[in-house]
Amino acid sequence: MESPVITEVRSLVPHLWKSTLLSGLLSIVMGVLMLVWPTKTLAVAGVLFGAYLLISGIAQVFFAFTLHVSAGGRVLLFLSGAASLILAVLAFRHFGEGYAVLLLAIWIAVGFIFRGVAHTVSAISDPGLPGRGWEIFFGIISLIAGIVMLAWPGLSLLTLLMVV
(Lines give C-alpha, C1' and ligand atoms only; values in the text may rest on other atoms or scores of the structure.)
Protein backbone atom coordinates (compact mmCIF):
# COMPACT_ATOMS: atom_id res chain seq x y z
CA MET A 1 0.00 0.00 0.00
CA GLU A 2 1.36 3.41 -1.01
CA SER A 3 1.67 6.14 1.63
CA PRO A 4 -0.45 9.31 1.31
CA VAL A 5 2.71 11.45 1.10
CA ILE A 6 3.97 9.57 -1.97
CA THR A 7 0.53 9.88 -3.57
CA GLU A 8 0.56 13.67 -2.92
CA VAL A 9 4.03 14.06 -4.40
CA ARG A 10 3.02 12.09 -7.49
CA SER A 11 -0.04 14.31 -7.93
CA LEU A 12 2.20 17.42 -7.87
CA VAL A 13 4.75 16.16 -10.41
CA PRO A 14 2.61 16.71 -13.54
CA HIS A 15 2.17 20.37 -12.54
CA LEU A 16 5.77 21.18 -11.62
CA TRP A 17 6.90 21.57 -15.23
CA LYS A 18 4.75 24.68 -15.53
CA SER A 19 6.57 26.59 -12.82
CA THR A 20 9.93 25.22 -14.00
CA LEU A 21 9.21 26.39 -17.56
CA LEU A 22 8.13 29.82 -16.34
CA SER A 23 11.22 30.16 -14.13
CA GLY A 24 13.44 29.11 -17.03
CA LEU A 25 11.85 31.59 -19.41
CA LEU A 26 12.17 34.41 -16.90
CA SER A 27 15.82 33.48 -16.35
CA ILE A 28 16.50 33.60 -20.09
CA VAL A 29 14.79 36.97 -20.38
CA MET A 30 16.79 38.31 -17.44
CA GLY A 31 20.05 37.00 -18.92
CA VAL A 32 19.38 38.57 -22.32
CA LEU A 33 18.41 41.90 -20.78
CA MET A 34 21.55 41.87 -18.65
CA LEU A 35 23.64 41.36 -21.76
CA VAL A 36 21.84 44.15 -23.63
CA TRP A 37 21.97 46.68 -20.76
CA PRO A 38 24.99 45.83 -18.60
CA THR A 39 24.93 49.21 -16.82
CA LYS A 40 21.36 48.66 -15.76
CA THR A 41 21.85 45.05 -14.67
CA LEU A 42 20.71 45.47 -11.08
CA ALA A 43 17.70 47.59 -12.04
CA VAL A 44 16.64 45.04 -14.65
CA ALA A 45 17.18 42.22 -12.14
CA GLY A 46 15.02 44.07 -9.62
CA VAL A 47 12.16 44.54 -12.10
CA LEU A 48 12.32 40.95 -13.31
CA PHE A 49 12.55 39.71 -9.75
CA GLY A 50 9.38 41.61 -8.90
CA ALA A 51 7.69 40.15 -12.00
CA TYR A 52 8.90 36.67 -11.07
CA LEU A 53 7.54 37.03 -7.54
CA LEU A 54 4.21 38.28 -8.87
CA ILE A 55 3.77 35.47 -11.39
CA SER A 56 5.02 32.70 -9.11
CA GLY A 57 2.91 34.02 -6.23
CA ILE A 58 -0.25 34.01 -8.34
CA ALA A 59 0.57 30.48 -9.58
CA GLN A 60 1.17 29.16 -6.06
CA VAL A 61 -2.05 30.66 -4.69
CA PHE A 62 -3.91 29.22 -7.69
CA PHE A 63 -2.35 25.78 -7.13
CA ALA A 64 -3.23 25.98 -3.42
CA PHE A 65 -6.90 25.99 -4.38
CA THR A 66 -6.83 23.68 -7.39
CA LEU A 67 -4.35 20.85 -6.78
CA HIS A 68 -5.46 17.66 -5.12
CA VAL A 69 -3.06 17.72 -2.16
CA SER A 70 -3.40 17.52 1.61
CA ALA A 71 -4.55 20.46 3.69
CA GLY A 72 -0.96 20.96 4.84
CA GLY A 73 0.24 21.11 1.24
CA ARG A 74 -2.45 23.62 0.39
CA VAL A 75 -1.53 25.81 3.35
CA LEU A 76 2.16 25.75 2.43
CA LEU A 77 1.43 26.61 -1.21
CA PHE A 78 -0.88 29.43 -0.13
CA LEU A 79 1.60 30.87 2.40
CA SER A 80 4.46 30.70 -0.08
CA GLY A 81 2.33 32.34 -2.76
CA ALA A 82 1.09 35.04 -0.40
CA ALA A 83 4.68 35.79 0.71
CA SER A 84 5.74 36.05 -2.94
CA LEU A 85 2.89 38.47 -3.68
CA ILE A 86 3.75 40.65 -0.68
CA LEU A 87 7.41 40.75 -1.71
CA ALA A 88 6.40 41.58 -5.30
CA VAL A 89 4.37 44.56 -4.09
CA LEU A 90 7.30 45.72 -1.94
CA ALA A 91 9.72 45.26 -4.84
CA PHE A 92 7.60 47.40 -7.18
CA ARG A 93 6.52 49.95 -4.58
CA HIS A 94 10.06 50.75 -3.45
CA PHE A 95 11.77 50.09 -6.77
CA GLY A 96 13.48 53.46 -7.14
CA GLU A 97 15.03 53.13 -3.69
CA GLY A 98 16.98 49.97 -4.53
CA TYR A 99 14.69 47.98 -2.24
CA ALA A 100 13.94 45.44 -4.96
CA VAL A 101 17.62 44.66 -5.31
CA LEU A 102 17.98 44.12 -1.56
CA LEU A 103 14.89 41.88 -1.57
CA LEU A 104 16.38 39.94 -4.48
CA ALA A 105 19.62 39.37 -2.56
CA ILE A 106 17.78 38.28 0.59
CA TRP A 107 15.43 36.01 -1.39
CA ILE A 108 18.37 34.32 -3.13
CA ALA A 109 20.24 33.99 0.18
CA VAL A 110 17.28 32.39 1.93
CA GLY A 111 16.80 30.08 -1.06
CA PHE A 112 20.46 29.02 -0.87
CA ILE A 113 20.13 28.37 2.86
CA PHE A 114 16.92 26.33 2.56
CA ARG A 115 18.26 24.39 -0.41
CA GLY A 116 21.56 23.74 1.36
CA VAL A 117 19.87 22.48 4.51
CA ALA A 118 17.39 20.36 2.54
CA HIS A 119 20.08 18.73 0.38
CA THR A 120 22.41 18.11 3.31
CA VAL A 121 19.75 16.66 5.60
CA SER A 122 18.21 14.49 2.89
CA ALA A 123 21.63 13.16 1.86
CA ILE A 124 22.68 12.45 5.45
CA SER A 125 19.39 10.68 6.18
CA ASP A 126 19.53 8.44 3.07
CA PRO A 127 22.67 6.26 3.09
CA GLY A 128 21.68 4.64 -0.22
CA LEU A 129 21.47 7.90 -2.16
CA PRO A 130 23.68 7.85 -5.27
CA GLY A 131 26.30 10.62 -5.08
CA ARG A 132 25.52 11.12 -1.41
CA GLY A 133 28.89 12.70 -0.65
CA TRP A 134 28.48 15.24 -3.44
CA GLU A 135 24.95 16.08 -2.26
CA ILE A 136 26.27 16.75 1.25
CA PHE A 137 29.18 18.80 -0.14
CA PHE A 138 27.02 20.95 -2.41
CA GLY A 139 24.41 21.30 0.34
CA ILE A 140 27.05 22.71 2.68
CA ILE A 141 28.42 25.00 -0.06
CA SER A 142 24.89 26.28 -0.75
CA LEU A 143 24.33 26.90 2.96
CA ILE A 144 27.61 28.85 3.25
CA ALA A 145 26.76 30.85 0.10
CA GLY A 146 23.40 31.80 1.62
CA ILE A 147 24.99 32.94 4.87
CA VAL A 148 27.61 35.00 3.01
CA MET A 149 24.91 36.53 0.83
CA LEU A 150 22.89 37.53 3.89
CA ALA A 151 25.97 39.08 5.49
CA TRP A 152 26.92 41.13 2.37
CA PRO A 153 23.80 41.25 0.15
CA GLY A 154 24.83 44.04 -2.22
CA LEU A 155 28.36 42.82 -2.91
CA SER A 156 27.21 39.20 -3.11
CA LEU A 157 24.44 39.98 -5.59
CA LEU A 158 26.75 42.02 -7.78
CA THR A 159 29.32 39.18 -7.73
CA LEU A 160 26.62 36.61 -8.46
CA LEU A 161 25.28 38.65 -11.38
CA MET A 162 28.77 39.02 -12.86
CA VAL A 163 29.42 35.29 -12.56
CA VAL A 164 26.05 34.34 -14.02
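Reader: Leaving aside neighbours within four places in sequence, with which residues is threonine 120 in contact?

Author: This is a predicted model, in which local features need pLDDT of at least 70 and side-chain atom pairs count only at pLDDT 80 or more, while totals for chains, interfaces and linings use all residues. Residues are numbered from 1 along each chain as its sequence is written, and side-chain values use heavy atoms, with hydrogens and water left out. Contact means heavy atoms within 4.5 Å. With its neighbours within four places in sequence set aside, threonine 120 is in contact with Ile136, Gly139 and Ile140.

Reader: Is threonine 120 buried or exposed?

Author: Threonine 120 belongs to helix H4; helices (H or I, at least four residues) and strands (E, at least two) are DSSP runs, numbered from the N terminus. Buried means under 20% relative accessible area, exposed over 50%, and partly exposed in between (1.4 Å probe, protein chains only). Because its relative accessibility is 12%, threonine 120 counts as buried.

Reader: Which residues does alanine 105 touch, not counting residues up to four places away in sequence?

Author: Alanine 105 is one of the residues of the largest nonpolar core, which also includes Met149 and Leu157. Not counting residues up to four places away in sequence, alanine 105 touches Met149, Pro153 and Leu157.

Reader: How far is the backbone oxygen of tryptophan 152 from a polar atom of the side chain of serine 156?

Author: Serine 156 is placed in helix H6 (residues 153-163), and it is buried because its relative accessible area is 15%. Beyond its neighbours within four places in sequence, serine 156 is in contact with Val148 and Met149. The distance from a polar atom of its side chain to the backbone oxygen of tryptophan 152 is 2.7 Å.

Reader: How far apart in space are valine 148 and alanine 109, C-alpha to C-alpha?

Author: Valine 148 lies in helix H5 (residues 132-151), where it counts as partly exposed because its relative accessibility is 36%. Valine 148 and alanine 109 are 39 residues apart in sequence, and their C-alpha to C-alpha separation is 8.0 Å.

Reader: At what distance does the side chain of arginine 74 reach the backbone oxygen of phenylalanine 65?

Author: Arginine 74, found in helix H3, counts as partly exposed because its relative accessibility is 27%. A polar atom of its side chain lies 2.9 Å from the backbone oxygen of alanine 64. The arginine 74 side chain also reaches the backbone oxygen of phenylalanine 65, at 3.5 Å.

Reader: What separates the C-alpha atoms of isoleucine 86 and glycine 57?

Author: Isoleucine 86 lies in helix H3 and is exposed because its relative accessible area is 55%. Along the chain, isoleucine 86 and glycine 57 are 29 residues apart, and their C-alpha atoms are separated by 8.7 Å.

Reader: Of the 164 residues of the protein, what percentage count as buried?

Author: Among contacts between residues at least 6 apart in sequence, 59% join residues at least 24 apart. Of the 164 residues, the percentage that count as buried is 25%.

Methods. Polar contact = N/O pair within 3.5 Å; in protein donor to acceptor, adjacent residues only side chain to side chain. Core = buried A, V, L, I, M, F, W, Y, C linked by side-chain atoms within 4.5 Å.
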